[in-house]
Amino acid sequence: MFEETMSGDELLNEYRLDLPEIQAKTLRYDKSDYVARYLWKHHKQPTVIMTKIFDSSRGNAYLGILVYFQTGIGKTKKWDWSSFHIGLMNTNKDVSAIAFYAESKQAIKFNPHFFQRYKERFIEVCDWQTRNQLATAKDIIDVIGIYMKRNLTMTWIETKSVFRDKVHIFGPVNDGVALLQWSKHHRLLQANTFVTMDMLDAKQTQMVEYAKIYFSLSKAQRKKFRFPDFILND
């Protein structure tokens, strides 16, 4: 079961042990009448994102994110899909979320404070539909779902700033920037708070712009790409 004191590797191991069962439950949900009706209702949209909570027999809960996208033309048009799972961990402050990244073998823990700041800051600058979703969110799990659906990927920029054993990480996402810390002792990447783009200074805004350029390049192009000194020496 997920515990607050776990390292990133331990959280990843919990996820690996649960994954076959959670994947099987996700496949069954995809075949349900509810999903079929929901996709038919939204058949004019090229992409549909759904969320569903899945519980494992080992006592862990996951927020499943199912991304459906239409392929083909005319009679050959169909829904293809992919999914990923966000761990949900109860803490003494509220629910934390855990995102798992297979390629980098990382687990990122998002503290409850992160989602509180996301809601109160992003609601001031987002479109009216998202504002309505955030305003009517019943609990933190609803806010986690809104954030995860809108921010499927994250860019990581390691800075030179260190507090005790924790390295500060700058994480641009679709809606703004996640501010994280990497604990060398606990081997854990933790997202503590969220800021919107309008809260950044000129230097930080440039960091986001260069990060977007870097991650749009191929692996070969990335090897030749040089971040400017103001990022390398931050």
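Helices here are DSSP runs of H or I with at least four residues, strands are runs of E with at least two, and numbering starts at the N terminus. The two side chains form a salt bridge, with the closest N and O atoms 2.7 Å apart. E120 is partly exposed at 41% relative accessible area. R117 is also partly exposed, at 23%. The cut-offs are under 20% for buried and over 50% for exposed, with partly exposed in between (1.4 Å probe, protein chains only).

## Basis of the values

This is a predicted model: local features need pLDDT of at least 70, side-chain atom pairs count only at pLDDT 80 or more, and totals for chains, interfaces and linings use all residues. Residues are numbered from 1 along each chain as its sequence is written, and side-chain values use heavy atoms, leaving out hydrogens and water.

A salt bridge requires a side-chain nitrogen of Lys or Arg within 4 Å of a carboxyl oxygen of Asp or Glu. The count by this rule is seven. One of them joins D18 to R58, with 3.2 Å between the closest N and O atoms. D18 sits in helix 1 (residues 8-30), while R58 sits in the loop between strand 1 (47-55) and strand 2 (61-71), so the pair ties together parts that are 40 residues apart in sequence. D18 is buried, at 0% relative accessibility. R58 is partly exposed, at 32%. E14 is linked with D18 and R58 in a network of salt bridges.

Helix 1 also holds E21 and K25, four residues apart, about one turn of the helix. Their side chains meet in a salt bridge at 3.6 Å, N to O. E21 is partly exposed, with a relative accessible area of 25%. K25 is partly exposed, at 25% relative accessibility.

Strand 9 covers residues 188-195. Seven of its eight residues are buried, so the strand is largely enclosed by the rest of the structure. Two strands pair if DSSP finds at least two bridges between them. Strand 5 (residues 106-110) runs parallel to strand 9, and three bridges join them. In this pairing, F110 stands opposite A191.

Strand 8 (residues 176-183) runs antiparallel to strand 9, with seven bridges between them. Here A178 stands opposite F194. Strands 8 and 9 form a hairpin, with four residues between them. R187, in the turn, has a positive phi of about 50°.

## Around L11

L11 is another residue of helix 1. L11 is buried, with a relative accessible area of 0%. Contact means heavy atoms within 4.5 Å. Beyond neighbours within four places in sequence, L11 is in contact with F2, E3, M6, I98, F100, A107 and L188. M1 lies ten residues from L11 in sequence. The C-alpha to C-alpha distance between L11 and M1 is 8.9 Å.
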